[in-house]
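Subject: Structure for you, with notes

Hi,

Here is the structure I promised. Please open it first, then read the notes below it.

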Amino acid sequence: MGKRNNQRKNAAMMVDSDDDNSSVSSTSTMRSDLMVATGNDEMQVEKDSLLDQALDALFEKRGSTREKALASILEAFNSSLQHEFVEKKFATLLHQCLNCIKKGSSREICLASHVIGLLALTVGCGDNANEMLEESLPVISQAFKSGSESTKTIALLECLAIITFVGGNDPEQTEKSMQVMWQVVHPKLKSNVVAVKPSAAVITTMVFAWSFLLTTVDGWKLNPKDWQDSISYLSGLLDKDDRSVRIAAGEALALIFELGSLEKFSSSTKSSDDGSTEDGNKPRDYVHIQGLKAKIINQARDLAAEAGGRSSAKKDLTNQRNMFRDILEYFEDGYSPEISIKIGSDSLQTSTWSQLIQLNFLKHFLGGGFIKHMQENELLKDVLGFTPKKKYLDSESRLSGGEKRMFRSPNSALNKARTQQLNKQRMLSAGKNIGQFAANVGDDA
């Protein structure tokens, strides 16, 4: 009898002890969760504080100080979406970046241009984005005229493309930006001004940026007087030595064909008086356009099969061949290239030239921040039609590689605690079984 009572007491003590341990474990877990939450809040406060300090540094007179500040802001905006900071400091950041473009070095202009572009993508469509475009366009236009350094010009072209893409509310605004871009390589010169020949990199960026904006407008709403020589110019670029120039021109031509606005961009109306050929069988415009199309198809066929020379970079040559095979297939058969890229555990697909050009431009501009923005930036999701199957809301999906190893490793503190908890539960179950067995024996006695 005494033995049975001792067994019951031991079982009861085990239960009480486990309850105490569970209470301690629960309290410890709550404390740990609180520490994590507090740590995250402190990290966010620290990030906001660093951004505030960087913004204040943009008021400094020393150019090197402003450059360091812009680099810090650029890193912060690329690594995560700074919605709270932008909501509070949007106007101040924009105006200081524009001041940097007005008076800064080439490097400062490049950094400020990129920050303005990221600011636009963070703000998204709306009044603020339109305000950015209206205030930035005159400053950027003047900056194009104040120097011809390639890196600066390229950064300004990309910035103008992004802020117009986000903030342009109507075709007239978009077309105005496209005209500014076009004049970078086709300036309207006075009689006493000598034209500066743009570099291949500048031409490539201008064509990519121009095409990027063309994806957002109906080609038939553009003013024909401004664009009637563009087809001939782009066709001429296919004969240039630089492969990046050829690819940019090829994609632009494919886009114009896809939009169905080839007539808008051709110069046939200049040579057409009565709209018909000499024999009166077909309109002169139709004959001219078919001739242009045939010429471009022949150029694409040659570039798709180009043989590499000694100085040819194999990767560049392969890229060119693949691109012009796609372009040729589209011109001849109407099939657009279908592209699929991984975004985390999801995939993003494109099936038109318009989508492909948008994807390539945004991917290039965002660089290392592209995946982050595609996962969290609602504007980019809408633009590219990207709907993640898995929503990145749970804390585990946001863990870094090191954190995953820390928490998922069998030797991690978290897994050790989980093992101890399972052992306690087994002991508790064993204790209950002992008590139940002892009670049954007592009843039988």
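Buried means under 20% relative accessible area. Keep that cut-off in mind for the cysteines below. One caution before anything else: this is a predicted model.

**Overall**

The chain has 445 residues, and 41% of them count as buried. It holds 19 helices and two strands. Take the contacts between residues at least 6 apart in sequence: 68% of these join residues at least 24 apart.

**Cysteines**

How many disulfides does a search of the whole structure find? C97 shows the reason for its own case. Its closest cysteine sulfur belongs to C100 and sits 5.9 Å away, which is too far for a bond. A disulfide would need the two sulfur atoms within 2.5 Å.

Is C97 buried or exposed? Its relative accessible area is 0%, so C97 is buried. C125 is another matter: with a relative accessible area of 56%, C125 is exposed. The cut-off for exposed is over 50%.

Two packed helices are described by the angle between their axes and the distance between the axes.

Start with α11 and α15. Helix α11 covers residues 243–259, and helix α15 covers residues 353–366. Their axes lie 9 Å apart, at an angle of about 140 degrees. That makes α11 oblique to α15. The crossing is left-handed. From α11, the contact uses E251, A254, L255 and E258. From α15, W353, S354, I357 and N360 take part. By type, the residues of this contact are four nonpolar, two polar and two charged.

Now α4 and α15. Helix α4 spans residues 106–123. The axes of α4 and α15 come within 11 Å and cross at roughly 120 degrees. This pair is therefore oblique. The crossing of α4 and α15 is left-handed. On the α4 side, the contact is made by H114, G117, L118 and L121. On the α15 side, it is made by L362, F365 and L366. Which types of residue make up the contact of α4 with α15? Five are nonpolar, two are polar and none is charged.

**In short**

For the helices: α15 packs against α11 at about 140 degrees and crosses α4 at roughly 120 degrees.

Best wishes

Technical notes:
Residues are numbered from 1 along each chain as its sequence is written. This is a predicted model: local features need pLDDT of at least 70, side-chain atom pairs count only at pLDDT 80 or more; totals for chains, interfaces and linings use all residues. Side-chain values use heavy atoms; hydrogens and water are left out. Axes are lines fitted to C-alpha atoms, for helices over the stretch in contact, and angles run from 0 to 180 degrees between N-to-C directions. Helices (H or I, at least four residues) and strands (E, at least two) are DSSP runs, numbered from the N terminus. Angles under 35 degrees count as roughly parallel, over 145 as roughly antiparallel, 65 to 115 as roughly perpendicular and the rest as oblique. A crossing is left-handed if the near helix is turned anticlockwise from the far one by less than a right angle, and right-handed if clockwise. Contact means heavy atoms within 4.5 Å. Ala, Val, Leu, Ile, Met, Phe, Trp, Tyr, Cys and Pro count as nonpolar, Asp, Glu, Lys and Arg as charged, and the others, Gly among them, as polar. Buried means under 20% relative accessible area, exposed over 50%, partly exposed in between (1.4 Å probe, protein chains only).
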